[in-house]
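Please examine the sequence and the structure before turning to the solutions.

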Amino acid sequence: MFSSNASKLTAAGDRTAAAAARKAAGLAGDNLNYEYQSTAIKMLQADRSIYQTISSADANIAGNGFKASGTAMDILRDSAVQGDLTKSIIGTQGEIDANGIKQQIASFGAQADQYDNAAAAADSASTGSMISGLIKGAGAVASAAMFFSDRRLKENAVQIGERNGIPWY
């Protein structure tokens, strides 16, 4: 009987841990959304910075009386390529971070499933312990009853019938 109660407490603890793991997975899901938003903001900041750099170079070229050709075009093209490279790095790093968070979500989900399985096993063990205790108790009662079933302890036994060759008293 005591092991049944211990199993019930274990199951309750496992259910609490499963709920905590699910909550952690939910929070990690929120973090994933924040990561996507953060990456989008960084991309917009990079776009703005690229625009400012190219516009500044274009204004300097025009302000110094140069035409948009030759070396001036090389400078503008180099600025655009450098901007694209920066955006590519921001996007790649955002995906790396997002994939790490997705792994956390999966891990927390797996932990919750493990705790649920452990709780189910503890519930099963609790039921088995309860049934085992009842069977042992019934066996003890039956043993005691058999002790008092000794023919020498019976007085005034009167047969009231017979069924399948077995006398009934």
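**Exercise 1. A surface patch**

Which residues form a nonpolar patch on the surface, and what accessible area do they have together?

Solution. The model is a predicted one.
Step 1. The nonpolar surface patch is formed by Ile160, Ile166 and Trp168.
Step 2. Together these residues have about 360 Å² of accessible area.
Step 3. Ile166 belongs to strand β2, which covers residues 166-168.
Step 4. The relative accessible area of Ile166 is 52%. Exposed means over 50%, and Ile166 therefore counts as exposed.

**Exercise 2. The loop between the strands**

Determine where Asn164 lies, and state what its phi angle is.

Solution. Step 1. Asn164 is found in the loop between β1 (161-163) and β2.
Step 1. Its phi is near 50°, which is a positive value in a residue other than glycine.
Step 2. With a relative accessible area of 77%, Asn164 is exposed.

**Exercise 3. The overall architecture**

How many helices and strands does the protein have, and what pattern do they follow along the sequence?

Solution. Step 1. There are two helices and two strands in the protein.
Step 1. Along the sequence, these elements give the pattern α-α-β-β.
Step 2. Helix α1 comprises residues 2-63, and helix α2 comprises residues 71-147.
Step 3. Of the contacts with a separation of 6 or more, 77% are between residues 24 or more positions apart.
Step 4. The protein has 169 residues, of which 17% count as buried.
Step 5. The accessible surface comes to about 12,200 Å², and 59% of this surface belongs to carbon and sulfur atoms.

**Exercise 4. Salt bridges**

How many salt bridges are counted in the protein? Identify three of them and describe the accessibility of the residues that take part.

Solution. Step 1. The general principle is that side chains of opposite charge can pair when their charged atoms come close. The rule applied here requires a side-chain nitrogen of Lys or Arg within 4 Å of a carboxyl oxygen of Asp or Glu.
Step 1. By this rule, the count is four salt bridges.
Step 2. One of them joins the side chains of Asp123 and Arg15, with an N to O distance of 2.1 Å. This pair links distant parts of the chain, with Asp123 in helix α2 and Arg15 in helix α1, 108 residues apart. Asp123 is partly exposed at 29% relative accessible area, and Arg15 is partly exposed at 42%.
Step 3. Another joins the side chains of Asp116 and Arg22, at 2.2 Å from N to O. Here too, distant parts of the chain are linked: Asp116 is in helix α2 and Arg22 in helix α1, 94 residues apart. Asp116 counts as partly exposed at 29% relative accessibility, and Arg22 counts as partly exposed at 42%.
Step 4. A further salt bridge is formed by Lys87 and Asp47, whose closest N and O atoms are 2.7 Å apart. Lys87 in helix α2 and Asp47 in helix α1 are 40 residues apart, and the pair links distant parts of the chain. The relative accessibility is 23% for Lys87, which counts as partly exposed, and 33% for Asp47, which also counts as partly exposed.

**Exercise 5. A charged residue without a partner**

Is Glu35 buried or exposed, and what is the nearest side chain of opposite charge?

Solution. Step 1. Glu35 lies in helix α1.
Step 1. Glu35 is buried, yet has no salt bridge.
Step 2. The nearest side chain of opposite charge is that of Lys42, 5.2 Å away. A salt bridge requires the nitrogen and oxygen atoms to be within 4 Å.
Step 3. Leaving aside residues up to four places away in sequence, Glu35 touches Gly94, Asp97, Ala98 and Ile101.

**Exercise 6. Two further positions in the helices**

Why does Thr39 count as buried, and why does Gln104 count as partly exposed?

Solution. Step 1. Thr39 is placed in helix α1.
Step 1. Buried means under 20% relative accessible area; Thr39 counts as buried because its relative accessibility is 13%.
Step 2. Thr39 touches Ile90, Gly91 and Gly94, again not counting residues up to four places away in sequence.
Step 3. Gln104 is placed in helix α2. Gln104 counts as partly exposed because its relative accessibility is 40%, which lies between the 20% and 50% limits.
Step 4. The C-alpha atoms of Gln104 and Leu32 are separated by 9.9 Å, while the two residues are 72 residues apart along the chain.

Key. Residues are numbered from 1 along each chain as its sequence is written. This is a predicted model: local features need pLDDT of at least 70, side-chain atom pairs count only at pLDDT 80 or more; totals for chains, interfaces and linings use all residues. Side-chain values use heavy atoms; hydrogens and water are left out. Patches are made of residues with over 30% relative accessible area and no salt bridge: like charges are joined within 9 Å, nonpolar side chains (Val, Leu, Ile, Met, Phe, Trp, Tyr) within 5 Å. Accessible areas come from the Shrake-Rupley method with a 1.4 Å probe; for residues, only the protein chains shown count as cover. Helices (H or I, at least four residues) and strands (E, at least two) are DSSP runs, numbered from the N terminus. Buried means under 20% relative accessible area, exposed over 50%, partly exposed in between (1.4 Å probe, protein chains only). Contact means heavy atoms within 4.5 Å. Lys and Arg count as positive and Asp and Glu as negative; His and the chain ends are not counted.
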